[in-house]
Amino acid sequence: MGNASRAAIISDRMITGLSAEVIAELVTELGPLWHERHQARLTSMPRKRAVGAGAKYRLVFVDRLLATLVHLRHATTHDVLACWFGVDRSTLTRAITEVRPLLAERGCTVGSGVRLWTLAEVIDHLGADGKTGIVDGTEIRVRRPAAGRKGRDRFTSGRSRQNAVKTMVVTDGDGRMLFCSPARPGSCADITHARQVGLVTLLADGPVVEILADAGYQGLGAQTGGRVITPPHRTFKKNAPGWYEEMHERRRKAHSSRRIRVEHGIAHLKNRRVLTRHLGRREHMDHTVQAVAGLLSHQQTVDLTSARPM
């Protein structure tokens, strides 16, 4: 790819979803790591020729990174990207396969040089800063497993009646991305997923943190000492007095207005079209979710820093 085309991709935030500043930081951070792993892969395999012999890669690391970012942002097929970057489809596929795990391993950026990789670190971060966390689950459509495959029905979501995987998203009170869990089959309930990733144990044994959640997590409050706050229960099921209906509606709206920020965070996450419907291999889903969450949190951090008055 020519310098003019490369500069056009970097300068237009609509193409990658990231500013030129964030892309420059990614190149500086991931370029040496990719080169190190590439050299290690070459020297680890049995060879008949010296390292460096044979065909040369036609894509420099910057182009590999840009192709991966465009794919995550627009779910562009590898065929189209290969034509755009002037390489073979297999070269482009290999580039995305190599760069995507590097992006996934970065974690979520919450400050200059401060990142969160695990749910335990997120809980500690919220507790240390006295912030409120918000948790919710979101589904991502996937291809239907082949007929006769064991566990095929596990991917059928009871909510959307489609084949999907589910991930648990944690944001702070401003909707800033803090964590995305590994994907689970779509039949897994939200509360079950939260228990499986260890949220209940971390809250019960960890710092005092307020976590807002929707009705799908009702029951976690009692298991975490009241740290998980869900919409208020109805005391009167039938023939409720007018004053109670008014009070209940006011409390429900107050909870919803605080919890809505996680929906905004999920909406920004789904702006990366690769997560609106994932057509690749399901075993790549975890890396894809983690990579997108890390990129979103990095851009949110840069935007928040630049918006602060000097």
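Helices here are DSSP runs of H or I with at least four residues, strands are DSSP runs of E with at least two, and both are numbered from the N terminus. The model is predicted, so local features need pLDDT of at least 70 and side-chain atom pairs count only at pLDDT 80 or more, while totals for chains, interfaces and linings use all residues. Residues are numbered from 1 along each chain as its sequence is written, and side-chain values use heavy atoms, with hydrogens and water left out.

H4 itself covers residues 61-74, which makes 14 residues. From its first C-alpha to its last it reaches 20 Å, close to the expected 20 Å at 1.5 Å a residue; the expected span is 1.5 Å times one less than the number of residues. Most of H4 is covered, with twelve of its 14 residues buried. Buried means under 20% relative accessible area, exposed means over 50%, and partly exposed is in between, using a 1.4 Å probe and protein chains only. Among the buried residues of H4 are Phe61, Leu65, Leu69 and Leu72, and the list also includes Asp63, Arg64, His71 and Arg73.

## Cysteines without a partner

How many disulfides are there? The count comes to zero, where a disulfide is a pair of cysteine sulfur atoms within 2.5 Å. In general terms, a disulfide is a covalent bond between the sulfur atoms of two cysteines.

Two cysteines show why. The sulfur of Cys180 has its closest cysteine sulfur in Cys108, 6.5 Å away, which is too far for a bond. Cys180 is buried, at a relative accessible area of 1%. For Cys188, the closest cysteine sulfur is the one in Cys180, and the 15 Å between them is again too far for a bond. Cys188 also counts as buried, with 9% relative accessibility.

## Salt bridges

Side chains of opposite charge can pair when their charged atoms come close. A search of the whole structure turns up 16 salt bridges, each being a side-chain nitrogen of Lys or Arg within 4 Å of a carboxyl oxygen of Asp or Glu. One of them joins Arg106 and Glu29, whose closest N and O atoms are 3.3 Å apart. Arg106 sits in the loop between helix H6 (89-104) and strand S1 (108-111) and Glu29 in helix H3 (residues 20-44), so this pair ties together parts that are 77 residues apart in sequence. Arg106 is buried, at 2% relative accessibility, whereas Glu29 is partly exposed, at 29%.

Asp79 and Arg89 also meet in a salt bridge, 3.0 Å from N to O. Asp79 belongs to helix H5 (residues 78-85) and Arg89 to helix H6, so the pair ties together parts ten residues apart in sequence. Asp79 is partly exposed, with a relative accessible area of 44%, and Arg89 is partly exposed too, with 43%. Elsewhere, Glu139 pairs with Lys166, the closest N and O atoms lying 3.9 Å apart. Through shared partners, salt bridges join Glu139, Arg159, Lys166 and Asp190 into one network.

## The largest pocket

The largest pocket holds about 490 Å³ of space. A pocket is found on a 1 Å grid over the protein atoms alone, as an open set of points where a 1.4 Å probe fits, with protein on both sides within 12 Å along at least five of seven lines; lining residues have an atom within 4 Å of a point. Grid points are joined across faces, edges and corners, and the volume is the space filled by probe spheres set on them.

Which residues are closest to the centre of the largest pocket? They are His71, His78, Leu279, Gly280 and Arg281, out of 18 lining residues. H5, H6 and strand S9 (277-278) each supply at least two residues of this lining, and H6 gives the most, with four. The lining divides into three nonpolar, nine polar and six charged residues. Here Ala, Val, Leu, Ile, Met, Phe, Trp, Tyr, Cys and Pro count as nonpolar, Asp, Glu, Lys and Arg as charged, and the others, Gly among them, as polar.

## The second largest pocket

About 420 Å³ of space lies in the second largest pocket. Its lining has 22 residues, and His268, Leu296, Gln299, Gln300 and Asp303 lie nearest the centre. Helix H2 (13-16), helix H11 (242-270) and helix H12 (285-307) are the elements that give two or more residues to this lining. H12 gives the most, with five residues.
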